[in-house]
Amino acid sequence: NPYAGLVSHLRAAWLSGKTRPLEYRVAQLEALGRFLDEKKEEILEAMAKDMGKPPFEAEYTEILLCKNELHETLNNLSCWVKDKHVDKNLVTKLDSAFIRKDPYGVVLIIAPWNYPIYLLLVPLIGAIAAGNCVMVKPSEISKSTERLVADTLSCYLDKDCFAVVTGGVQETTRLLENKFDYIFFTGTPPVGRIVMTAAAKHLTPVTLELGGKNPCYVSDSCDVQNVARRVAWGRFYNAGQTCIAPDYLLCSLEMQEKLMPALREAITEFYGPNPRECPDFGRIVGDKQFRRVRALLCSGRVAIGGQTDEKERYIAPTVLVDVQLSDPVMQEEIFGPILPIVPVANLEEAIDIINSRERPLAVYAFSSNSKVVNEVLERTSSGGFCGNDTLMHVTLSSLPFGGIGSSGLGMYHGKFSFDTFSHHRGCLHRNMGLEPLNAPRYPPYSPRRLRVVRAASEVKRRSSCALL
Amino acid sequence: NPYAGLVSHLRAAWLSGKTRPLEYRVAQLEALGRFLDEKKEEILEAMAMDMGKPGFEAYFTEILLCKNELNDTLNNLAQWVKDEHVGKNLVTKLDSAFIRKDPYGVVLIIAPWNYPIYLLLVPLIGAIAAGNCAVIKPSEISKSTERLVADTLSCYLDKDCFAVVTGGVQETTRLLENKFDYIFFTGTPPVGRIVMTAAAKHLTPVTLELGGKNPCYVSDSCDVQNVARRVAWGRFYNAGQTCIAPDYLLCSLEMQEKLMPALREAITEFYGPNPRECPDFGRIVGDKQFRRVRALLCSGRVAIGGQTDEKERYIAPTVLADVLPSDPAMQEEIFGPILPIVVVANMDEAIDFINARPRPLAIYAFSCDSKVVNEVLERTSSGGFCGNDTLMHVSLTSLPFGGIGCSGLGMYHGKFSFDTFSHHRGCLHRNMGLEALNAPRYPPYSQQKLGLMNATFEVKRRGMCTLL
């Protein structure tokens with residue numbers, strides 16, 4: 001296996017204990033910070049080449065949000081790594097009982113192309129913070145960023161413990177034959193299945209950040225212009241290539257009519273009368289993806305946008321109305337700047353539609369009435385949720401980020417990243433003496449001994465009124 | 001698929017929302033408590049039939065420890081189900097940001113035969129507490145308990161939402177073809193791989209509680225008699241059929257010599273001069289398992305015990321001395337009342353020995369010197385750890401219980417069970433108005449807007465001195 005040697009190398013470094021000391025981990029994390037600072041221009045440039053990502057967007061998600069995760073981790077790591085002492089019962093009262101945070105060992109991180117630095121670095125931050133060695137595989141689809149990461153990132157990190165590998169499907173398949181101690185994958189559900197199946201052979205734990213169609217319900221009671229802006233922002237950011245973008249809208253026919261001029265206004269406010277000439281609007285990452293997204297346009301009717309240019313891989317910010325559930329655009333995650341609107345009779349129908357489909361990474365609900373927002377939250381299931389906005393819930397590192405069902409398993413961001421990449425080891429350290437404490441548990445068994453054991457270890461039910 | 005109808009039935013109940021209200025979950029949990037109280041005699045009897053489990057042991061692990069988990073959950077569930085509000089940044093300061101604990105849906109719990117009620121009920125308690133529906137598959141190997149669970153447990157629980165299925169390998173394979181929303185498996189690593197591979201097809205998250213060979217290091221500085229008692233207790237409890245039993249001892253030649261009379265004394269103290277006639281010593285669960293364990297006896301030399309009786313499936317509490325790493329007893333998890341002693345020169349050799357092998361569910365270290373215990377903990381990796389005793393760390397519900405590497409993935413017990421069976425959904429509920437707060441993020445992008453974004457979103461690195 002072409003990667004066996006590299007994996008061995010990392011494993012040897014892992015077994016040497018090099019990544020364990022807090023100071024070592026902090027140094028590596030600070031090096032990541034320097035990478036983001038010193039290579040900022042190169043990062044922005046690579047992303048502009050890969051998908052015409054506007055520098056503002058690249059700086060916000062790929063630099064600022066990454067540095068936030070970094071600082072959050074650096075600010076709190078010494079607390080997170082500490083043994084966590086826990087409650088004891090009578091028998092263990094004099095003992096030391098705590099949770100030790102152990103690294104897993106050699107971790108594999110596979111990143112996607114749409115936020116190629118952010119979705120690579122944020123898991124990497126967690127993996128390093130938790131004391132692991134890491135192999136990172138950036139996406140081959142975002143070629144310029146892949147080159148940048150392969151040539152540059154590795155120079156900032158300790159080459160004994162961190163490695164970058166590049167390649168496509170074939171290489172990744174061979175890579176996955178190796179035994180890793182944790183695999184963190186961001187990508188599509190079909191590939192997620194392949195990764196988990198490969199992991200199962202080695203009983204390797206995984207976190208899979210996948211995708212789906214994120215529904216966005218808009219009730220009749222809302223500030224239409226605000227809704228239009230917030231939804232347009234979430235949908236057209238990075239030319240729609242965002243795993244948590246609002247994928248389709250559910251609203252009444254009435255609201256669809258009201259939203260049309262509002263969306264038109266928002267799009268013009270954002271990108272001007274001709275988005276193709278606007279530097280703030282991105283492009284589709286590759287020809288194959290461009291053709292896939294373009295094919296979704298024949299769904300419902302084009303109310304806004306719809307223009308495309310194959311050479312530039314440009315698809316205009318587009319809104320489709322009167323879309324039906326059987327239309328092409330409703331058969332797969334769009335991952336492009338197209339917003340279909342599916343008219344529904346009411347909230348009930350919207351919830352039924354959402355619940356009849358795979359559980360998405362995010363559910364969005366807009367209403368001036370909190371009760372409506374809460375009802376959508378309560379009666380649906382998704383990775384995450386945002387009421388009256390889009391995308392924003394993932395900018396808070398205090399909230400766990402992850403999917404459910406086919407949108408993924410596991411979670412990260414902030415301390416959740418550290419917890420994901422560390423094994424929580426239950427530890428008890430008892431006294432060598434004090435043997436009389438243990439006497440009741442030993443044979444020969446007797447009812448008297450059983451009573452003593454029971455008294456010493458029983459957890460009683462507190463009175464019922466405590467539940468109210 | 002023979003189980004498709006049943007799974008559909010449970011899924012329909014799940015979608016009806018029946019299991020969501022706290023009162024419902026409490027009622028089901030209290031019913032489990034009644035099962036343990038009312039069927040206590042039947043449970044003890046079933047286990048005596050299945051593996052000659054002494055009444056004391058069955059009561060302690062299958063009734064008392066289960067009720068502890070139940071009471072811990074009932075005492076705290078109202079807290080655990082609450083939305084957990086989290087820290088916010090400047091932009092989200094006026095919003096509601098919280099973690100919602102959502103059930104997964106229809107959960108599958110596969111239980112083993114060695115602690116057939118405990119290892120079935122403890123995960124079930126977590127699954128119910130978290131609001132799931134559950135399919136329960138008790139082990140076909142502990143036949144009497146399987147019958148009891150199939151006939152009786154289901155009568156205590158709501159048949160719409162909880163079902164017991166029985167069967168062997170064939171039936172379990174067909175069962176696993178169905179889509180579940182979570183699978184909790186306790187058993188051997190090879191079957192763990194099969195379960196995870198099946199789960200991967202549906203992207204179903206799993207917890208696998210597996211096994212391995214749990215090493216037990218005894219340093220030269222210890223109270224030999226206490227060590228002998230504590231190790232013998234852990235090894236011979238349930239006739240050695242315990243996933244966290246000390247599987248083999250590592251110590252110096254000197255210590256092996258000292259331990260021998262001490263172990264002989266402990267065994268006699270526990271089980272009398274003829275353990276075969278002692279009601280406090282169990283039997284091997286089945287003929288196949290008996291033959292497997294018996295074959296391990298030709299390792300090293302029998303220093304204590306060694307007698308067997310095929311008809312009774314009796315294997316005497318046995319200690320093997322001078323065992324070599326290449327001996328049969330060192331090739332697989334013993335899961336029987338045999339304690340091999342492998343002589344090592346010193347602690348470093350013991351640690352190297354442990355680290356050269358798959359990571360076990362538990363590591364034990366005995367020493368009067370805390371530094372030695374801490375060093376073994378520090379330099380090894382395992383599911384859990386106990387210094388100066390065996391088994392005891394899992395009796396504390398405040399400690400997470402789970403494996404690492406081949407010994408498993410995921411964790412449970414206490415609140416960790418609830419967390420395992422619930423999806424932690426990151427939620428943000430924003431204001432429909434206050435649009436001015438969002439203005440800096442919208443195109444057209446500008447340096448000024450970027451500056452504002454930095455100011456309102458940025459997480460700064462705190463001063464270095466806080467790291468010390």
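Predicted model: local features only at pLDDT ≥ 70, side-chain atom pairs only at ≥ 80, totals over all residues.
The secondary structure of chain B consists of 15 helices and 18 strands. The C-alpha trace extends over about 85 × 60 × 35 Å along its principal axes. Chain B contains 468 residues, 65% of which are classed as buried. Among contacts in chain B with a separation of 6 or more, 71% involve residues 24 or more positions apart. The accessible surface of the chain amounts to about 15900 Å², with 56% belonging to carbon and sulfur atoms. Chain B carries 49 positive and 52 negative side chains, and a distance of 7 Å separates the centres of the two sets.

In an unreviewed UniProt entry, the annotation "active site" covers Glu209(B) and Cys243(B). These residues are spread over 35 residues of sequence, yet they cluster in space, with a largest C-alpha distance of 9.1 Å.

Glu209(B) is located in strand β7, which comprises residues 206-209 of chain B. Because its relative accessible area is 2%, Glu209(B) counts as buried. Beyond its neighbours within four places in sequence, the contacts of Glu209(B) include Phe184(B), Phe185(B), Thr186(B) and Gly187(B), as well as Phe401(B), Gly402(B) and Tyr412(B).

Cys243(B), by contrast, lies in the loop between α9 (224-236) and β9 (248-251). With a relative accessible area of 14%, Cys243(B) falls under the 20% limit and is therefore also buried. When residues up to four places away in sequence are not counted, Cys243(B) touches Asn114(B), Leu210(B), Asn214(B), Glu333(B), Phe335(B), Leu361(B) and Phe401(B).

Conventions: Residues numbered from 1 in each chain as written. Chains lettered and ligands numbered in written order. Heavy atoms only, no water. Helix = DSSP H or I, 4+ residues; strand = E, 2+ residues; numbered from the N terminus. Buried < 20%, exposed > 50% of the residue type's maximum accessible area, 1.4 Å probe, protein only. Contact = heavy atoms within 4.5 Å. Areas by Shrake-Rupley, 256 points an atom, 1.4 Å probe, with all protein chains shown as cover. Lys, Arg positive; Asp, Glu negative; His and termini not counted. Charge placed at Lys NZ, Arg CZ, Asp CG, Glu CD. UniProt positions renumbered as here; feature names shortened; annotations may be inferred.
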